[in-house]
Amino acid sequence: MSYVGTAQRPHDWAARTDGSTLFAADLRLPALHAAVLRSPHPYADIVALDTSRAERMPGVLAVITAADFAPDAVYIHRGAPLSDRPPLARGTVRHVGQEVAAVAAETAVQAVAALAAIRVRYRPRKAPLTLAEATAPGARRLHERTTGEPNVSVLFQTEWGDATTGRAHAHAAVEGRFVYPSVSHACMETNTTLARWNQADGTVELWTSTQAPWFIGKEVSQLLGLDHDQVIFREVATGGGFGSKSKASEHEVLAAALSRKANRPVLLSLTREEELGANKPRHRFETWLRTSADEDGLVRLYESDIRVDNGSYNHMGPSVMRVGAITLGSMYRPDGAVLEARLIDTATQPGGQFRGYGTPQVSLAAESQMDELADRLGLDPLEMRLRNVNREYTTTLCGYDVTTARLADCLDAVRTELDWDRRRADPRPDRGVGVAAGSHGSGAYAYELANRSDAAIDVFDDGRVRVRYGGSDAGTGQSTILAQIAADELGVDLADVEVLSMDSEQTPFELGAWSSRGTHMTGSSVGKAAGELAGRLRDLARAKLGAQDVVLRDGRAVAEHDSVSLGDLVRLSDDAVDGVLSHETVYLLEGTEPLAPGRSTANLSPTYAYAAHGAYVEVDRRTGAVELLDYVAAHDVGRAINPTAVEGQIAGGAVMGIGAALGEELVREGGRIINTSYLHYAMPRSADVPSVRPVIVNAHDPAGPYGAKSVGEMSIIPPGAALANAVQDAVGVRIRELPLTPTR
């Protein structure tokens with residue numbers, strides 16, 4: 001049978017459901033327990049730091065400070081000259097929760113006691129905690145930046161297309177300021193790393209909760225003065241990532257450094273309070289947008305002023321801001337766009353990469369204004385969007401070369417599945433429907449080698465198959481679809497395919513799962529490796545069977561009158577080693593390009609996916625409470641390799657977006673997050689949302705592996721605007737700041 005395109009359970013379903021799956025904190029490797037001393041101040045000079053008492057305490061084997069790293073050691077993050085964050089505070093702390101020191105002890109209790117014994121004398125300084133404070137006249141500067149504007153780390157200004165023509169044809173325009181708050185990934189498994197230093201060869205092994213081992217290795221190696229291949233990864237399960245774990249999470253190197261100093265394995269697992277209160281959240285965006293349209297409802301011009309809360313260090317802020325701004329040049333067909341965006345330093349924890357990567361924040365503004373313009377022009381909001389959808393095989397303002405584009409079909413699906421026309425005409429004033437659209441790439445050529453993915457396939461002499469890739473499955477089902485692809489190419493039963501990921505000594509090069517690249521990049525490389533190995537096996541079978549027409553199916557090579565098992569072919573091969581025939585290959589993506597210096601446009605991705613979400617709400621006019629009654633999420637994903645996994649990604653991402661729209665927000669007082677537990681962080685529980693109804697708009701995309709496009713991040717983009725539009729339809733109130741709380 002063919003597995004690609006069919007619904008399949010995750011390949012590790014049994015282990016996940018019986019509890020035998022091992023996460024980093026579950027490993028039975030005797031390890032020291034680590035704890036991190038964090039700044040209690042948003043901004044302060046470190047006048048004195050004394051760890052001597054902690055070092056003498058019972059059970060303590062290692063204490064590290066900035067002195068244990070090179071004097072100029074900083075995380076690479078987006079690269080020089082933007083790199084600015086040290087692994088441990090060096091002379092100054094710039095946000096509550098910044099790492100100052102770390103300890104490793106025999107027990108967790110001893111480690112926490114040692115933190116209390118470290119003496120730090122701070123000289124607190126007044127600090128800008130909000131965008132308004134950071135940009136006010138006379139504001140204290142957190143860093144010396146080169147933009148010429150106080151506390152503005154990066155200034156992005158560009159103009160795409162023909163703004164003059166856009167203005168000339170504008171018949172109606174709306175403008176306003178929209179706020180998308182800082183929210184947490186709230187991964188069920190907190191960031192965790194087990195590190196083991198090997199004194200004999202100067203290597204460090206890491207079992208870490210990550211989506212992208214390669215990037216962790218890049219950061220850890222340069223901060224510890226090692227070669228990249230001296231950081232060795234071992235496979236372990238990842239309990240959710242949502243972007244949080246797609247690059248370094250600023251704890252991995254601390255575990256490694258403590259292990260090296262103690263010469264013992266060290267386990268560092270963030271507490272829930274650290275995860276919510278000190279780890280990187282989604283960047284808060286304040287987006288001023290003016291959208292102009294002609295009398296036919298065609299968007300002609302976007303004009304924007306975007307202010308992004310960077311936090312205290314750059315981290316991924318520069319590219320998150322850029323991707324957010326690109327939203328205005330990617331999904332519809334305006335004549336022009338005039339963009340201005342600022343990444344602004346505040347004395348709060350740095351924002352980082354988060355599912356959707358800046359796009360949900362700007363989409364809130366753009367998709368809300370689509371409804372506002374539709375109202376001005378007397379158009380149905382669905383019809384307004386249908387008039388503006390991207391055409392297939394065109395180039396967008398921001399330089400994207402679109403292949404297939406089925407947004408119109410997604411909008412039609414929302415109309416049908418949400419019963420849009422009837423519900424929109426419902427005379428009850430407290431109920432309303434809303435729609436919003438979104439788009440996202442299938443990966444991004446954002447780093448050197450981001451256009452490359454390697455994969456390896458092993459066939460054993462008992463007929464089993466193993467896929468090896470260097471990325472990680474953080475809950476997306478990536479490993480399962482790779483097993484499906486290999487099973488189809490090699491003609492074996494899916495149950496006979498196993499998948500090995502992450503292990504850097506056994507898997508080939510792969511940058512990991514980020515920017516929705518997993519399906520395209522590893523699906524392509526694994527498909528190529530399996531296809532090439534299938535060719536080798538057919539050649540062996542032709543020689544064995546004396547026939548030219550050979551196909552692989554049911555674990556055998558089959559000719560017209562005879563067949564031979566794949567295991568027997570392995571034994572016949574001169575290339576097999578210890579009963580294993582292996583094949584490794586390199587997949588290089590064609591047709592994409594990185595952003596070049598001085599350019600603001602590029603075709604960053606091989607394909608672009610689209611979605612339309614529809615929400616049906618009821619608003620209590622006495623309390624302001626919003627109840628979500630129905631939700632439809634229609635997605636153009638090309639061909640769904642595993643429809644079950646696709647539906648899971650759609651529903652999961654939509655619920656995350658619904659949470660940010662209706663309740664989630666990291667609340668700060670004096671720079672400190674005060675809602676640092678699930679009890680006080682308003683995530684939606686299972687009873688809080690209706691069943692999200694995914695609709696897969698299947699359509700083969702020739703540029704994608706087996707016709708597939710991305711889905712992982714798309715589903716979190718439309719919910720904010722879809723719900724805001726539904727509330728406006730219900731009670732006539734346009735809310736421009738999330739979450740849509742009863743107070744607002």
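1. Let me start with glutamate 286. Leaving out residues up to four places away in sequence, glutamate 286 touches Leu131, Arg177, Phe178, Val179, Asp305, Ile306 and Arg307 (contact here means heavy atoms within 4.5 Å). Before going on, the ground rules: this is a predicted model, where local features need pLDDT of at least 70, side-chain atom pairs count only at pLDDT 80 or more, and totals for chains, interfaces and linings use all residues. Numbering runs from 1 along each chain as its sequence is written, and side-chain values use heavy atoms, with hydrogens and water left out.

2. Glutamate 286 sits in strand E13 (residues 285–293); helices (H or I, at least four residues) and strands (E, at least two) are DSSP runs, numbered from the N terminus. With a relative accessible area of 11%, glutamate 286 is buried (under 20% relative accessible area is buried, over 50% exposed, in between partly exposed; 1.4 Å probe, protein chains only). Its side chain makes a polar contact of 3.3 Å with that of arginine 177 and one of 2.4 Å with that of arginine 284. A polar contact is a pair of N or O atoms within 3.5 Å; within protein, one must be able to donate a hydrogen and the other to accept it, and residues adjacent in sequence count only if both atoms are side-chain atoms.

3. The buried set includes Pro318, Val320, Met321 and Ile326. What covers these buried residues includes E13, strand E7 (152–161), strand E14 (299–311), strand E15 (336–345) and helix H10 (359–377).

4. On to the cores. The largest nonpolar core has 112 residues, and Met384, Leu407, Val617, Tyr631 and Leu723 touch the most other members. Strand E24 (residues 608–619) gives the most to this core, with nine residues. A second, separate core has 39 residues, including Val467, Ile481, Ala530 and Leu569. By nonpolar core I mean a set of buried Ala, Val, Leu, Ile, Met, Phe, Trp, Tyr and Cys residues joined through side-chain atoms within 4.5 Å.

5. Which residues does leucine 723 contact, leaving aside neighbours within four places in sequence? They are Ala615, Val617, Leu628, Ile658, Ala661, Leu662 and Leu740.

6. Isoleucine 717 is in the loop between strand E28 (692–697) and helix H18 (719–731), yet counts as buried at 2% relative accessibility. Not counting residues up to four places away in sequence, isoleucine 717 touches Thr359, Pro360, Ser363, Gly438, Ser439 and His440. Isoleucine 658 is 59 residues away from isoleucine 717 in sequence, and 9.9 Å away C-alpha to C-alpha.

7. Cysteines: there are zero disulfides (cut-off: a pair of cysteine sulfur atoms within 2.5 Å). The sulfur of cysteine 410 has its closest cysteine sulfur in cysteine 398, 19 Å off, so that is too far for a bond. Cysteine 410 is buried, at 0% relative accessible area, and cysteine 187 is buried, also at 0%.

8. Last, the sheet. Three strands make an open, antiparallel sheet in the order E20-E21-E22; two strands pair if DSSP finds at least two bridges between them. Strand E20 (551–553) and strand E22 (563–565) are at the edges, each with a single partner strand, so one side of each lacks a neighbour in the sheet. Three bridges join E20 to strand E21 (residues 556–558), and leucine 552 has alanine 557 in E21 as its bridge partner.
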